[in-house]
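Let's take a walk through this one, helix by helix and ring by ring. Have the sequence and the model open side by side.

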Amino acid sequence: MRVARSSGLDGLGGMRRTECLAAMLGAEALSRGLGHVEVWRPLLAVSKTRLIRTLEAAALTWLEDPSNENRAFERVRLRDLADSFVNRGQMHYARREFDQAISDFNRAIRFDPGFALAFGNRANAWSMKKDYQRAIADYSRAISLDKDFPSAYTGRGLVYEELGDLARARKDY
């Protein structure tokens, strides 16, 4: 998306944890005397699922950015495509067509590299193919994206158990 808009190498880096408002808004920020203001994003590494669960547990309300659901934005359309590939991959998986499932999960991940479910599902398919190292890598990636993903912990635990690593299996269970 960013390459298509000629944003250069800086545009490929994604959202930064801290950024000067002048870098974001340019001359407008400077003309309004806001060039020195920094924007902090301390929760970028926390999954949306975890944020929502934390807010719900604390009985707090939150605001959703309506642009995250607006199909006029390319990022929303790409996430929808990722969902479609995961759904189709799950159908292949249910039919025991693991190579086709993996192919669809790969496509979903290409469209949304932060899609924990796609990594978890691909890990399940790798596990069924007895490619345990890839399964562990994908379960671990899913967990890193969403710490509250119980089936990824369980799946990884099952793989560790299959490999005879009962200590790691117990930690995941």
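Where is Arg 96 found? Arg 96 lies in the loop between α5 and α6. Keep in mind throughout that this is a predicted model.

Arg 96 isn't a glycine, yet its phi is positive, at about 65 degrees. With 57% relative accessibility, Arg 96 counts as exposed, because the cut-off for that label is over 50%.

Ala 59 is another non-glycine residue with a positive phi, in this case near 55 degrees. Look for Ala 59 in the loop between α4 (48-57) and α5. Ala 59 is exposed too, its relative accessible area being 69%.

## Aromatic pairs

Two aromatic pairs turn up in the structure. One of them is Phe 85 with Phe 111, a stacked pair with 5.8 Å centre to centre and 10 degrees between the planes. This pair ties together distant parts of the chain: Phe 85 belongs to helix α5 (residues 74-94) and Phe 111 to helix α6 (residues 98-111), with the two 26 residues apart. Phe 85 counts as buried at 16% relative accessibility, while Phe 111 is partly exposed at 31%.

Then there's Tyr 93 with Phe 98, whose ring centres are 5.3 Å apart. Their planes sit at 65 degrees, so this pair is edge-to-face; the cut-off for that class is over 60 degrees. Tyr 93 is partly exposed, having a relative accessible area of 27%, whereas Phe 98 counts as buried at 11%.

## How α7 packs on α8

Now for the helices. The axes of α7 and helix α8 (residues 132-145) come within 8 Å, crossing at roughly 160 degrees. That makes α7 roughly antiparallel to α8, because angles over 145 degrees get that label. As for handedness, α7 passes α8 in a left-handed crossing. On the α7 side, the residues making the contact include Ala 116, Gly 120, Ala 123 and Trp 126; α8 brings in Arg 134, Asp 138, Ala 142 and Leu 145, among others.

A couple of the contact residues deserve a second look. Phe 119 of α7 and Arg 141 of α8 both take part in this contact, and the charged end of Arg 141 sits over the ring of Phe 119, 5.7 Å from the ring centre. Ser 127 is in helix α7 (residues 116-128) and is buried, with 18% relative accessible area. Leaving aside residues up to four places away in sequence, Ser 127 touches Tyr 132, Ala 135, Tyr 139 and Val 159.

## How α5 meets α7

So which way does α5 run against α7, parallel or antiparallel? The axes come within 11 Å and cross at roughly 20 degrees, and the two helices are therefore roughly parallel to each other. The cut-off behind that label is under 35 degrees. This crossing of α5 and α7 is left-handed.

From α5, the contact uses Val 86, Gln 90 and Tyr 93. Their partners in α7 are Leu 117, Ala 118, Asn 121, Asn 124, Ala 125 and Met 128.

Conventions
Residues numbered from 1 in each chain as written. Predicted model: local features only at pLDDT ≥ 70, side-chain atom pairs only at ≥ 80, totals over all residues. Heavy atoms only, no water. Phe/Tyr/Trp six-rings, centres within 6.5 Å; stacked < 30°, edge-to-face > 60°. Helix = DSSP H or I, 4+ residues; strand = E, 2+ residues; numbered from the N terminus. Buried < 20%, exposed > 50% of the residue type's maximum accessible area, 1.4 Å probe, protein only. Lys NZ or Arg CZ within 6 Å of the ring centre and 35° of its normal. Contact = heavy atoms within 4.5 Å. Axes fitted to C-alpha atoms, helices over the stretch in contact; angles between N-to-C directions. Parallel < 35°, antiparallel > 145°, perpendicular 65-115°, else oblique. Left-handed = near helix turned anticlockwise from the far one by under 90°.
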